[in-house]
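Student: I would like to learn how to read domains, contacts, helices and strands from a set of coordinates. Could you take me through an example?

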Amino acid sequence: MRVALFVTCLVDAVRPEIGFSTLKLLESAGCEVVVPEGQTCCGQPAYNSGDSATARALAEKVLREFEGFEYVVIPSGSCGGQIKHQYIELFRDHPDLKSRAEVLASRIFELTDFLTNVLRVETLPSTFAGHITYHDSCSGLREMGVKSQPRALLAKLPGVRLTEMKDCEQCCGFGGTFSVKYGDISGAIVDEKCRNVRASGADALVLGDLGCILNIEGRLRRTGDSKTRVLHISQVLAGDA
Amino acid sequence: MQTQSMHFKARAGQKLADARLQKNLRKLSEKFVTARAAAITELDDFEGTRSAAVERRNRALERLDLWLETFERNATARGAVVLYAQTPEEATGLIVEIAKKHGVRKVTKSKSMVSEEVQLNAALSAAGVQPVETDLGEYILQINDNEAPSHIIAPVIHKDKEEISALFAKTHGTERKSEITQLTREAREVLRGHFLSADMGVTGANFLIAETGTVALVTNEGNEGMCTIMPPKVHVVLTGIEKVLPTLEDVATIMRLLPRSATGQPISNYFSLLTGPRRADEPDGPEHMYYVLVDAGRTGLLGSEFQEMLRCIRCGACMNHCPVYQKIGGHAYGWVYPGPMGSVLTPSYVGIENALDLPHAATLCGQCSVVCPVKIPLPDLLRKLREKQWERGLRPWYEHVAIGGWAFVAKRPALYALGSRIAVRMLNWMGGSDRLIRQLPIGAGWTRSRDFPAPSGRTFRDMYRERRADGARSV
């Protein structure tokens, strides 16, 4: 099965290891993975800032680069939601582009969703063991329907003990540029997330979006917690954590 | 109410620093969220009921003119007078005129957010008419120097029992009470005198029912009944034109959702359907009944990309579940309607340029639209308002520069690869030995409350290219 990987700009720049863990998971499940070279960003920062012309230009670029593939996999619910849902809205007045966006929307999958519902993987290249809690990132949960998939995959790892934290579906306060523009409000929201993570008693927080990872990890470290690990789901499932 | 929405950031900062408010907000948002979650499971088909409610609200809005005319015809036939106000000033003008015509000196009021919108109390007071709020929460705010409500259904959610107890003792000249039942009894004793001596009652409307010319009122305290069927000679219903529903069936469907979404109750304690003034064969009710139906920006949303906002049934679920509202409360938003629904309504009603922060002060987490009983796509509407700000050049210059510069690079892969290679090296170096950046040169908002975990120093694209060149992998 030939699969295109959308790395995402944040993974590319800040945590390339997430990209490699994703690659490993797909390849070990028998996929032929292609990483289109010219990819940059899905355009969400422009879209959420109100600059829809720029968002459209970047969306067109993504369309050109990825529409030739039967499957596109992305290790982020947020960028996935942008491509799957918001592109269609962005092109509401451009029928040709809109129908191309609809085709791409039917082919793009968040990583854990793809592993669970398309590849139906049974075994994972991981011996990760530890006590974890899982945060449901907003776009993954509410736009991409990612809830049971990561948990089903984690359940395949015998060494993993999952304790659900309080309000695991509550936003961590990241919100893209929100976290910079309204840093204090964002800080208060992520503080509550950190309290819930700690109260779960887990040694590691696992989640599927790098934006939320940087937000939560950044607050944990600032408040003196240097030991709670914050991991992307791909790192745990690929045995790279 | 004067809009203070341009001071959002400063107000939000004050609210975040208010430990007492933080405690009060935590307690109550948890209560509403939990109660709603339990209440919606009681319905066999909550999602189906939501869809039905959407259809019924849409049907009303698509031919709002027709249903308003139908309502007017039927309400008039039952003896009520239906008046329209295009602006807040017209609305208060009409009500003051009604008060003068009937020699009114005191008005009892049931809860109405539209009356906050049009600043009715100030207009009545200026005309020498005493307005008395009779919803307990609104009463508390009124005796606290006309403080603004901070929530649309729980106006005093920002206060705790101790604050209210002190306020009652000071205002009523009584001993401090420690029990809520003692406090409500005290309020009831004070309000009873007002109910008996008022000449006019003003209520809002949860719904106007076109086929019968009826107003539907939902309360938990029963004060709407006291305002309308006790001595007052006159009952004035003040509401927005979008509140009309074609039929009683519509109300039945939507009432399955409203109290459950609002407070988690299967049904409110009181639900009144009032049709026209007292008839000859009826023992009670007002002698005169008026409707003042306010536009004040609503028709501007009709037929626009924001029309869906008019479906709102004012349950407050969006703010109860909003991570931002839960941290800053309603006052920070600076006008009548807070939270996600307010962040759409405020710019729509007071001008997009007078509330620049509100559409941006949201994480777009999407929980508001998940819990909205009439499926208003609030994050989409907030994003559309951001688009409008951008198109009209209302965003600060540095945002245009930042997005413009970043987009220029993001559209050019070779330049992007080079730029990101340099940027991640710099950031990696800034991370020092513990891999944490404590102060970002751009993005100080981030590092005020958290560190930035440093990048590992090389981009995925560079590492991947290298790996492929090494022959470690073939595609």
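Predicted model: local features only at pLDDT ≥ 70, side-chain atom pairs only at ≥ 80, totals over all residues.

Student: Let us begin with chain A: which domains does the domain assignment give?

Tutor: The assignment divides chain A into domain 1, covering 2–118, and domain 2, covering 130–237. Taken over C-alpha atoms, the centres of domain 1 of chain A and domain 2 of chain A are separated by 22 Å.

Student: How many residues of domain 1 of chain A are in contact with domain 2 of chain A?

Tutor: In this case 28 residues of domain 1 of chain A are in contact with 22 residues of domain 2 of chain A. On the domain 1 side, α1 (9–14), α2 (16–28), α3 (44–49), α5 (77–90) and α7 (111–118) of chain A each supply at least two of the touching residues. By class, that side of domain 1 of chain A has nine nonpolar, 14 polar and five charged residues.

Student: And how many residues does the contact take from chain A and from chain B?

Tutor: The contact takes 52 residues from chain A and 51 residues from chain B. The elements of chain A that give two or more residues to the side touching chain B are α1, α2, α3, α4, α8 (138–142), α10 (178–181), α11 (183–200) and α12 (210–222). Sorted by class, this side of chain A has 23 nonpolar, 16 polar and 13 charged residues.

Student: Helix α4 of chain A is in that list. What should its 15 residues span?

Tutor: The expected span of a helix is 1.5 Å times one less than its number of residues. Helix α4 of chain A, residues 52–66, has 15 residues and should therefore span 21 Å, which agrees with the 20 Å between its end C-alpha atoms.

Student: Which residues of α4(A) are buried?

Tutor: The buried residues of α4(A) are S52(A), T54(A), A55(A), L58(A), A59(A), K61(A), V62(A) and F66(A).

Student: Where are the strands of chain A, and in what sense do they pair?

Tutor: Strand β1 (residues 2–5) of chain A pairs with strand β3 (residues 71–74) of chain A in the parallel sense over three bridges, and V3(A) stands opposite Y71(A) in β3(A). On pairing with strand β4 (residues 108–110) of chain A, β3(A) again runs in the parallel sense over three bridges, with V73(A) opposite F109(A) in β4(A).

Student: Turning to chain B, how many helices and strands does chain B have?

Tutor: Chain B has 23 helices and twelve strands, and its C-alpha atoms fill a box of roughly 95 × 55 × 45 Å along the principal axes. Of the 475 residues in chain B, 48% are buried. Among contacts in chain B with a separation of 6 or more, 74% are between residues 24 or more positions apart. The domain assignment gives domain 1 of chain B (43–300) and domain 2 of chain B (397–469), whose C-alpha centres lie 54 Å apart.

Student: Which residues have the most contacts inside the largest nonpolar core?

Tutor: That core has 197 residues, and those with the most contacts inside it are L238(B), V292(B) and V294(B). Not counting residues up to four places away in sequence, V294(B) touches A85(B), A91(B), V114(B), V118(B), L238(B), T239(B), G240(B) and I241(B).

Student: Why does F46(B) count as partly exposed?

Tutor: A residue is buried if 20 or more other C-beta atoms lie within 10 Å of its own, and exposed if 12 or fewer do. F46(B), which lies in helix α3 (residues 46–62) of chain B, has 17 C-beta neighbours inside 10 Å and therefore counts as partly exposed. F46(B) and L257(B) are 211 residues apart in sequence, yet 8.2 Å apart in space, C-alpha to C-alpha.

Student: How many of the residues of strand β6 of chain B are buried?

Tutor: Six of the six residues of strand β6 (residues 214–219) of chain B are buried. Both faces of β6(B) are covered, with T214(B), A216(B) and V218(B) on one side and V215(B), L217(B) and T219(B) on the other.

Student: Which strands pair with β6(B)?

Tutor: Strand β5 (residues 207–209) of chain B pairs with β6(B) in the antiparallel sense over three bridges, and F207(B) stands opposite A216(B) in β6(B). β5(B) and β6(B) form a hairpin with four residues between them, and G213(B) in the turn has a positive phi of about 70°. Strand β9 (residues 270–274) of chain B also pairs with β6(B) in the antiparallel sense, over five bridges, and the bridge partner of V218(B) in β9(B) is F271(B).

Conventions. Residues numbered from 1 in each chain as written. Chains lettered and ligands numbered in written order. Domains from an automatic or database assignment. Contact = placed C-beta atoms within 7 Å. Nonpolar A, V, L, I, M, F, W, Y, C, P; charged D, E, K, R; others polar. Core = buried A, V, L, I, M, F, W, Y, C linked by C-beta atoms within 7 Å. Pairing = 2+ DSSP bridges.
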